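Biologist: I am new to this protein and would like a close look at a single part of it. Please start with the overall layout and then go to the helices.

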Amino acid sequence: MELKDGKFYLTGGVDPLEIAEQYGLPVYIYDSAIIKKQIDRFNNAFSVKKMKLNYACKALTNINILKLMKKWGMGLDAVSIQEVRLGLHAGFKPKEILYTPNCVSLEELSLAVELGVKINIDNLSILEQFGDHYPNYPLCIRLNPHVMAGGNSKISTGHIDSKFGISIHQLPHVHRIIETYGLNIEGLHMHTGSEILDTEVYLRVADILLNTAKDFKDLQFIDFGSGFKVSYKNDGIETDMEDLGEQLSTKFNEFCKDYGRSLTLIFEPGKFLVSESGYFLTKVNVVKQTTSNVFAGVDSGLNHLIRPMFYNAYHNITNISKAEGRKRIYTVVGYICETDTFGVNRKMTEISEGDVLCFHNAGAYCYMMSSNYNSRYRPAEVLVHEGKHHLIRERETMDDILKGQISVL
Ligand SMILES: *Cc1c(COP(=O)(O)O)cnc(C)c1O
């Protein structure tokens, strides 16, 4: 969001308060130009012969976002069969989708085989069962390098107690299964967690994966997953993509030379592509002065944005109704009957009841984790694209709350 002449604007001069006026509050807004900027930044950071970005769509699956991703050359990383179907619905070809489930049944994997998508296997039991049923279907294998990384234990996946991936210590067993069933392993994959800040950690994981890859002779691609940190606090603390791109490209190019062929370098960013593009607008219902605090109570809660309560995520909050003026300290809370604190001691321009507060970095894992808790409606979603705004999901109504319920009394 840009501040100009005392007002905030989205890309193309779109006024967020006009969106609030037209579609009501609370509302999620996605600014497509920011997604495009992040894609370009990612691609430009690397210099290898073949590279593909698979958008990790669990971050944000609105069909319009998926269509834009397709248009901008992305593949798709899907973690459920429903995400696979959404991807196909949005126009991705089966081979552009890598399905990376965790702890799903062979039945769900059979559906993926029927749909013809690429499949990533993350445990030995399923690898063996899969080999028994579909020995000719090419596979990717998800490995766990046991490198501790990531911003929070709930989103770190590489540690020794993690449920994700096949341990690199089990590689002899992996090879035993591959040889016995004659499996075609077309890809190797790692995803060590979210919010890895340190380039060194990423490069260490890369070394392990590339070293392992030497023993697989039929590879087409190597997938380094994601885990890139974006700046939440406006402090610029984020993954240094340019530095990482340069160093990892060198490593990868050397590997391909030794391997004898150019493989495709794959990443599957979610947060990095969409986090910053998203804004969540809410209205202040009540300013409540207590003995120790000033609360700004908004028309939303953990039902719409759970990240602060779920894993202490920090979201910048600004009062976009008053771009300039005297600042005061607020604790921003929701309306849910549960403690749902969005932020404490936030310095903002003085809030009046009715002002619109904007939560930044609301593109990834925000709408997607929303619920009907307290039987409230999920918000609307709006896309800002090429200077215009479009409603891309209606606010829910009482019909949605009652949908599927069967009254037997
Ligand atoms: C969630 C996930 C991602 C995306 O992670 P971000 O931190 O959002 O970039 C990528 N790959 C897999 C397998 C995932 O589960």
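Biologist: How far apart do the C-alpha centres of domain 1 and domain 2 lie?

Modeller: This is a predicted model, in which local features need pLDDT of at least 70 and side-chain atom pairs count only at pLDDT 80 or more, while totals for chains, interfaces and linings use all residues. Residues are numbered from 1 along each chain as its sequence is written. The C-alpha centres of domain 1 and domain 2 lie 33 Å apart. Domain 1 is 2-30 + 277-402 and domain 2 is 46-270, with bounds that come from an automatic or database domain assignment. Between them, 15 residues of domain 1 are in contact with 15 residues of domain 2 (C-beta atoms, placed from the backbone, within 7 Å). On the side of domain 1 that touches domain 2, β19 (380-385) and β20 (388-393) are the elements that give two or more residues (strands are DSSP runs of E, at least two residues, and helices are runs of H or I, at least four, numbered from the N terminus).

Now the helices. Helix α8 (residues 199-213) packs with helix α9 (residues 241-259) at an angle of about 15 degrees, and their axes are 10 Å apart (axes are lines fitted to C-alpha atoms over the stretch in contact, and angles run from 0 to 180 degrees between N-to-C directions). α8 and α9 are therefore roughly parallel to each other (angles under 35 degrees). In this pair, T199, Y202, L203, A206 and L210 of α8 meet D243, L244, Q247, L248, K251 and F255 of α9.

How values were computed. Parallel < 35°, antiparallel > 145°, perpendicular 65-115°, else oblique. Contact = placed C-beta atoms within 7 Å.
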